Amino acid sequence: MAGHGKAMDASKKRDPAEEVEDDVEEDDEDEDEEDEEQQNGAVQGDGGVAADEVCALVEPFTKEQIVDLLLQAALADSQVLSKIRKLADRDPAHRKLFVRGLGWDITVDSLKAVFAQYGKIEECSLIKDKQTGKSKGYGFVTYKQMNAARRALKEPSKKI
């Protein structure tokens, strides 16, 4: 952790909890610096290659080629897989479901009750007619995690 050292008198004893706290703070500072360096293209990987050099290499690749590279990297390195999952969980497009074929008398609570069995729901909305206030027969369910949405999709026709 170069550049973040603290001077300490070797004759003074330190509480181990303070050391852990200092390590956590230093790790957070290092991660913030790494994120900033990555955005500026200044980070170098294990092979001494800067991020902007890698960007220049990858930029002309097709979507299929990039997906294949990410797939191989995720299968080889659990940290890559973890980062991919975190990104997917942040993106509502991976967690939001369009639900159609609903009855006119359906409520948001009954829709939530059916879909809650697959995972935690972040948002549930039912589209209603402005004049009558009745359901138009469709709505949206957004889960907190992508895996919950995938579980719900495995059973496409639900009785509501």
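Predicted model: local features only at pLDDT ≥ 70, side-chain atom pairs only at ≥ 80, totals over all residues.

Colleague: Okay, and how do S2 and S3 pair overall?
Modeller: They run antiparallel, with six bridges between them. Together S2 and S3 make a hairpin, and six residues lie between the two strands.

Colleague: What about the turn, which glycine there has a positive phi?
Modeller: That's glycine 133, with a phi of about 80°.

Colleague: Nice. What order do the strands of the sheet come in?
Modeller: The order is S1-S3-S2, in an open sheet of three strands with antiparallel pairing. S1 (96-100) and S2 (121-128) are the edge strands, each pairing on one side only. On average, neighbouring strands are turned by 15° against each other, ignoring direction.

Colleague: Does anything sit on that sheet, or rather, which helix packs there?
Modeller: Helix H5, residues 108-115, packs on the sheet and touches S1, S2 and S3. The direction of H5 makes about 135° with that of S2.

Colleague: Switching topic: how many helices and strands does the protein have?
Modeller: There are six helices and three strands. Reading from the N terminus, the elements go α-α-α-α-β-α-β-β-α.

Colleague: Tell me about H4, then. How far does H4 reach?
Modeller: H4 spans residues 78-90, so to speak a run of 13 residues, and goes 19 Å from its first C-alpha to its last. That is close to the 18 Å expected at 1.5 Å a residue.

Colleague: And what caps the N-terminal end of H4?
Modeller: Aspartate 77 does, with a side-chain oxygen 2.9 Å from the backbone nitrogen of glutamine 79.

Colleague: Last bit, the whole protein. What share of the residues is buried?
Modeller: Of the 160 residues, 21% are buried. The protein exposes about 12,700 Å², and carbon and sulfur atoms supply 51% of that area.

Colleague: And the contacts, what part comes from residues 24 or more positions apart?
Modeller: They account for 51% of the contacts with a separation of 6 or more.

Conventions. Residues numbered from 1 in each chain as written. Heavy atoms only, no water. Helix = DSSP H or I, 4+ residues; strand = E, 2+ residues; numbered from the N terminus. Expected span 1.5 Å × (residues − 1). Polar contact = N/O pair within 3.5 Å; in protein donor to acceptor, adjacent residues only side chain to side chain. Pairing = 2+ DSSP bridges. Axes fitted to C-alpha atoms, helices over the stretch in contact; angles between N-to-C directions. Contact = heavy atoms within 4.5 Å. Buried < 20%, exposed > 50% of the residue type's maximum accessible area, 1.4 Å probe, protein only. Areas by Shrake-Rupley, 256 points an atom, 1.4 Å probe, with all protein chains shown as cover.
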